[in-house]
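Please look over the sequence and the model shown here before reading the report.

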Amino acid sequence: FDPRSLVEACACLKLEFDVWQQNDASEFATKLLDRLEISLKKWAPDHFQHMDHTFGLKQTKQKICKECGLKSNREEKLLNIDCQIRGKSDIHEALEAMTEVEIMEGSNKVYCDSCKKNTDTVLRTALSTLPNVLILSLKRFDLDFTTFETVKLNSRCAFGQTLNLKKYTLSAMEEPDATEDNATTPMDTESEEKEKPLPSAQVDDDDYEYRLVGVLVHAGVAQ
């Protein structure tokens with residue numbers, strides 16, 4: 001498919017470069033979906049809801065106090081997952097890095113609203129709502145700290161025909177927590193709108209499975 005006519009029709013996106021030059025595909029997709037969302041929300045709310053379920057995903061950043069068990073969730077709506085691939089051999093390594101658990105202790109302790117002091121805290125990031133169509137953006141453009149120039153990473157990053165996201169979801173991460181007696185654990189949600197995380201115990205594994213339908217390959221250098 002030659003996308004030039006579509007890109008030319010999207011003057012309102014104010015792309016950085018002319019249609020005859022290479023534009024950033026992830027940036028184009030984000031800007032296009034953002035503009036569609038604004039228009040559909042105003043003029044066709046039913047279609048807006050459909051688009052939201054089609055492309056919209058939600059990522060939750062969670063912090064857990066190790067002293068009192070207080071959980072704080074901050075949810076963010078995204079249209080794609082940015083995968084840091086420097087030093088990563090495949091998509092799973094990139095997703096595992098995104099959802100890596102971090103323990104804040106010592107001088108890095110985090111303030112707890114319940115304990116009213118800085119405490120050892122667990123920080124973790126997970127996917128709380130999955131879309132019907134998942135877009136992964138490989139971060140192939142990086143900064144070379146030697147020359148301070150933008151460079152392109154041409155390293156191999158493997159991916160399969162299918163991708164199961166179950167272990168990267170908030171519900172999967174919280175399954176071990178549910179086995180403990182945390183009936184008295186206080187809860188706090190910072191986000192204004194909080195959807196219930198996917199109940200992985202009740203959802204078929206197939207619902208976490210994605211099938212590869214397209215790949216966009218960038219040709220050239222970072223410039």
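The model is predicted: local features need pLDDT of at least 70, side-chain atom pairs count only at pLDDT 80 or more, and totals for chains, interfaces and linings use all residues. Residues are numbered from 1 along each chain as its sequence is written, and side-chain values use heavy atoms, with hydrogens and water left out.

Strands here are DSSP runs of E of at least two residues, numbered from the N terminus, and buried means under 20% relative accessible area, with a 1.4 Å probe and protein chains only. In strand 1 (residues 57-65), 7 of the 9 residues are buried, so the rest of the structure largely encloses this strand.

In the hairpin of strand 1 and strand 2, 5 residues lie between the strands, and Gly69 takes a positive phi near 85 degrees.

Thr121 belongs to strand 7 (residues 121-129) and is buried, with a relative accessible area of 3%. Its side chain reaches the backbone oxygen of Thr119 at 3.0 Å. Not counting residues up to four places away in sequence, Thr121 touches (heavy atoms within 4.5 Å) Lys63, Ile64, Cys65, Lys66, Glu102, Ile103, Met104 and Val110.

Technical notes: Helix = DSSP H or I, 4+ residues; strand = E, 2+ residues; numbered from the N terminus. Buried < 20%, exposed > 50% of the residue type's maximum accessible area, 1.4 Å probe, protein only. Polar contact = N/O pair within 3.5 Å; in protein donor to acceptor, adjacent residues only side chain to side chain. Pairing = 2+ DSSP bridges.
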